[in-house]
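Hi,

Here is the structure I promised to send over. Have a look at it first, and then read on for my notes.

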Amino acid sequence: MHSEPSTPKIVVVSRFATLRALGFGTVREVGWGLPGVRAEVRHWRTLAEGIPDPVLRADALASLADKRYYTDGAALFWTLPSRRSGELLALLTAYQTIANYLDYTSERGADSRGSCGGSLMLALVDAVDVDGPLRDYYADHPWRDDGGYLRELVLRCRRACRSLPAYPAARPLLLREARRAEALELCHDPEPVRRDAGLGRFAAREFAPVAEAPWFEQAGSATSLLAVIVLLALAADSGTTARDLDAAVEVYSPWVGTLSLILDSYVDQHDDAVTGAWSFLAYYANSAVAERRIAELMARVLTGVASLRHGSRHTLVISMMIAMYLTSGGATSEELRSTTRRLRRAGGPLTRALVPALRAWRAVYRQHG
């Protein structure tokens, strides 16, 4: 990657609003958020240690350890509502814990069967459907005995969803976005031609054609589940309207989801090349095109979230997400160091300002991946 990314100018909220959101978010996150997530993760780790099946136990424990930064990232969205909510923090932590666990165990299952299944992903739907049935999430999975671990995660999410004042308004959108987690399973199909055909059909069915987003970006965006995460956070605010929910989804699905996925693939590209794992970057013509696209998406996303209700808070959360990725071990490797510097500049002044804080967070929590 040699050329400087050329992107639209990022439209941001005022400096005063940004500083106020930064102070608000920092106090809430340091004082309550990080300790709360730590306690929740400790609880789920204790349950995971008791999973009878050794394969599922290994997947659960590995996902809790290796994907901790995803959990902390999802929990950041609890800073969006004006009032603190312990139930929202527990909900975001539990929901992301489900997603992290299923990412591990569905990939292992697909490798074992030689094809993708689908029953596991029903847990992500049931977790946000308080009145729906509880289904057999391991119906087509090679391993089954998790001692009730996944079911307990689903039930914890349901209990928290019942406490959200705007849940009834958010429910239809939550169910739609959660069902789109099917894309996560499709990405694990070990047969590349079949995988891409499945993702293409998924994109055509779930998303209206958008000239600025090719099919693979639309399909891939659903794997992040960030549209579900933001809807849950907004549903915790009694002032949230149906218009607020619709506006947020327009920005988060597909744009924020796509940005998250491409950054994830960017920082993991060395490991993916070694293991032969599926990489989102492979859909772009070359690394320079991928770099330009990351910069374009950052500009589009930061402009989009700034226009939402509590736009300064959304901007802070997304800037922290970008900074989190761009301080990872993969992004700061010698091979990518110069590209990462350019992408930090493209992410705007707030992203650059947050880089030292995210480096410190990684050091404290030993999250270098």
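Is arginine 300 buried, partly exposed or exposed? Arginine 300 has a relative accessible area of 37%, so it falls in the partly exposed class. Before you read too much into that, bear in mind that this is a predicted model.

Arginine 300 also has a partner: it forms a salt bridge with glutamate 212, and the closest N and O atoms are 3.4 Å apart. The two sit in distant parts of the chain, 88 residues apart, with glutamate 212 in the loop between α9 and α10 and arginine 300 in helix α13. Glutamate 212 counts as partly exposed too, because its relative accessibility is 41%.

On to the other charged pairs. Aspartate 237 and arginine 309 meet through their side chains at 3.6 Å, N to O. This pair again links distant parts of the chain, 72 residues apart: aspartate 237 is in the loop between α11 and α12, and arginine 309 is in the loop between α13 and α14. With 9% relative accessibility, aspartate 237 is under the 20% cut-off and therefore counts as buried, whereas arginine 309, at 35%, is partly exposed. There is also a network, in which salt bridges with shared partners join Arg176, Glu177, Arg180, Glu182, Arg205 and Glu206.

Then there is aspartate 126, whose side chain meets that of arginine 135 in a salt bridge of 2.6 Å, N to O. Aspartate 126 has 0% relative accessibility, so it counts as buried, while arginine 135 is partly exposed at 36%.

Now the helices. α11 (residues 226–235) and α12 (residues 242–275) pack at an angle of about 145 degrees, their axes 8 Å apart, and the crossing is right-handed. On the α11 side, the residues in contact are Leu226, Ala227, Val230, Leu231 and Leu234; those they meet in α12 include Leu245, Val249, Tyr252 and Val256. Sorted by class, this contact has ten nonpolar, two polar and one charged residues.

Last, helix α6 (residues 149–161). Its 13 residues should span 18 Å at 1.5 Å a residue, and the end C-alpha atoms are 19 Å apart, so the two figures agree.

Cheers

Note on methods. Residues are numbered from 1 along each chain as its sequence is written. This is a predicted model: local features need pLDDT of at least 70, side-chain atom pairs count only at pLDDT 80 or more; totals for chains, interfaces and linings use all residues. Side-chain values use heavy atoms; hydrogens and water are left out. Axes are lines fitted to C-alpha atoms, for helices over the stretch in contact, and angles run from 0 to 180 degrees between N-to-C directions. Helices (H or I, at least four residues) and strands (E, at least two) are DSSP runs, numbered from the N terminus. A crossing is left-handed if the near helix is turned anticlockwise from the far one by less than a right angle, and right-handed if clockwise. Contact means heavy atoms within 4.5 Å. Ala, Val, Leu, Ile, Met, Phe, Trp, Tyr, Cys and Pro count as nonpolar, Asp, Glu, Lys and Arg as charged, and the others, Gly among them, as polar. The expected span of a helix is 1.5 Å times one less than its number of residues. A salt bridge is a side-chain nitrogen of Lys or Arg within 4 Å of a carboxyl oxygen of Asp or Glu. Buried means under 20% relative accessible area, exposed over 50%, partly exposed in between (1.4 Å probe, protein chains only).
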